[in-house]
Amino acid sequence: MLEEKIARINELYHKSQKEGLSPEEKEEQERLRKEYVQAFHNNLRSTLNQISIQNPDGSIVNLKEKDKEKQ
């Protein structure tokens with residue numbers, strides 16, 4: 001699914017460089033880019049939530065828990 005979106009984003013980009021996009025295609029391109037960025041953000045957040053850091057005092061803190069403390 002994500003690979004298909006990336007392929008379509010690239011297709012629209014190349015078309016925009018060669019001949020331009022219709023208003024509908026510009027909207028589709030913007031929507032797909034936003035969806036891609038959101039998916040990337042979610043994936044990164046998921047990865048970071050699985051990381052633990054050892055403090056100088058030897059205690060170990062999970063980044064997810066540390067992020068909750070800041071809020």
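This is a predicted model: local features need pLDDT of at least 70, side-chain atom pairs count only at pLDDT 80 or more; totals for chains, interfaces and linings use all residues.
In which helix is Gln38 found? Gln38 is found in helix H2.

Residues are numbered from 1 along each chain as its sequence is written, and side-chain values use heavy atoms, with hydrogens and water left out.

**View 1**
H1 covers residues 2–18. Helices (H or I, at least four residues) and strands (E, at least two) are DSSP runs, numbered from the N terminus. H1 has 17 residues and spans 25 Å from its first C-alpha to its last. That is close to the 24 Å expected at 1.5 Å a residue. The expected span is 1.5 Å times one less than the number of residues in the helix. Just after H1, Gly20 adopts a positive phi of about 90°.

**View 1. Helix H2 and its buried residues.**
H2 has 26 residues. From first C-alpha to last it reaches 38 Å, close to the 38 Å expected at 1.5 Å a residue. Glu25, Gln29 and Leu32 of H2 are buried. Buried means under 20% relative accessible area, exposed over 50%, and partly exposed in between (1.4 Å probe, protein chains only). The buried residues of H2 pack against H1. Gln38, also in H2, counts as partly exposed because its relative accessible area is 43%. Gln38 and Lys64 are 26 residues apart in sequence, and their C-alpha atoms are 19 Å apart in space.

**View 2. A nonpolar patch on the surface.**
Leu2, Ile6, Tyr36, Val37, Phe40 and Leu44 form the patch. Together they have about 520 Å² of accessible area. Patches are made of residues with over 30% relative accessible area and no salt bridge; like charges are joined within 9 Å, and nonpolar side chains (Val, Leu, Ile, Met, Phe, Trp, Tyr) within 5 Å. Areas come from the Shrake-Rupley method with a 1.4 Å probe; for residues, only the protein chains shown count as cover. H1 and H2 (23–48) each supply at least two residues of the patch. H2 gives the most, with four residues. Ile6 sits in H1. Ile6 counts as partly exposed because its relative accessibility is 32%.

Six salt bridges are found in a search of the whole structure. A salt bridge is a side-chain nitrogen of Lys or Arg within 4 Å of a carboxyl oxygen of Asp or Glu. Side chains of opposite charge can pair when their charged atoms come close. In the bridge of Lys5 with Glu35, the closest N and O atoms are 2.7 Å apart. This pair links distant parts of the chain, with Lys5 in H1 and Glu35 in H2, 30 residues apart. Glu35 is partly exposed because its relative accessible area is 29%.

Lys15 and Glu25 meet through their side chains at 2.7 Å, N to O. The pair links distant parts of the chain: Lys15 lies in H1 and Glu25 in H2, 10 residues apart. Lys15 has a relative accessible area of 26%, so Lys15 is partly exposed. Glu25 is at 16% relative accessibility, so Glu25 counts as buried.

The side chains of Glu30 and Lys34 form a salt bridge at 3.2 Å, N to O. Both residues lie in H2, four residues apart, about one turn of the helix. An α-helix has 3.6 residues a turn, so residues three or four places apart point the same way. Glu30 counts as partly exposed because its relative accessibility is 45%. Lys34 is at 54%, so Lys34 counts as exposed. Elsewhere, salt bridges that share partners join Lys5, Arg31 and Glu35 into one network.

Arg33 is found in H2. Its relative accessibility is 41%, so Arg33 counts as partly exposed. Leaving aside neighbours within four places in sequence, Arg33 is in contact (heavy atoms within 4.5 Å) with Ile9 and Tyr13. Arg33 and Arg8 are 25 residues apart in sequence and 9.9 Å apart in space, C-alpha to C-alpha.

**View 3. Asn62 in strand S2.**
Asn62 is found in S2 (residues 60–62). A polar atom of its side chain lies 3.3 Å from the backbone oxygen of Asn49. Leaving aside neighbours within four places in sequence, Asn62 is in contact with Asn49, Gln50, Ile51 and Ser52.

Key: A polar contact is a pair of N or O atoms within 3.5 Å; within protein, one must be able to donate a hydrogen and the other to accept it, and residues adjacent in sequence count only if both atoms are side-chain atoms.
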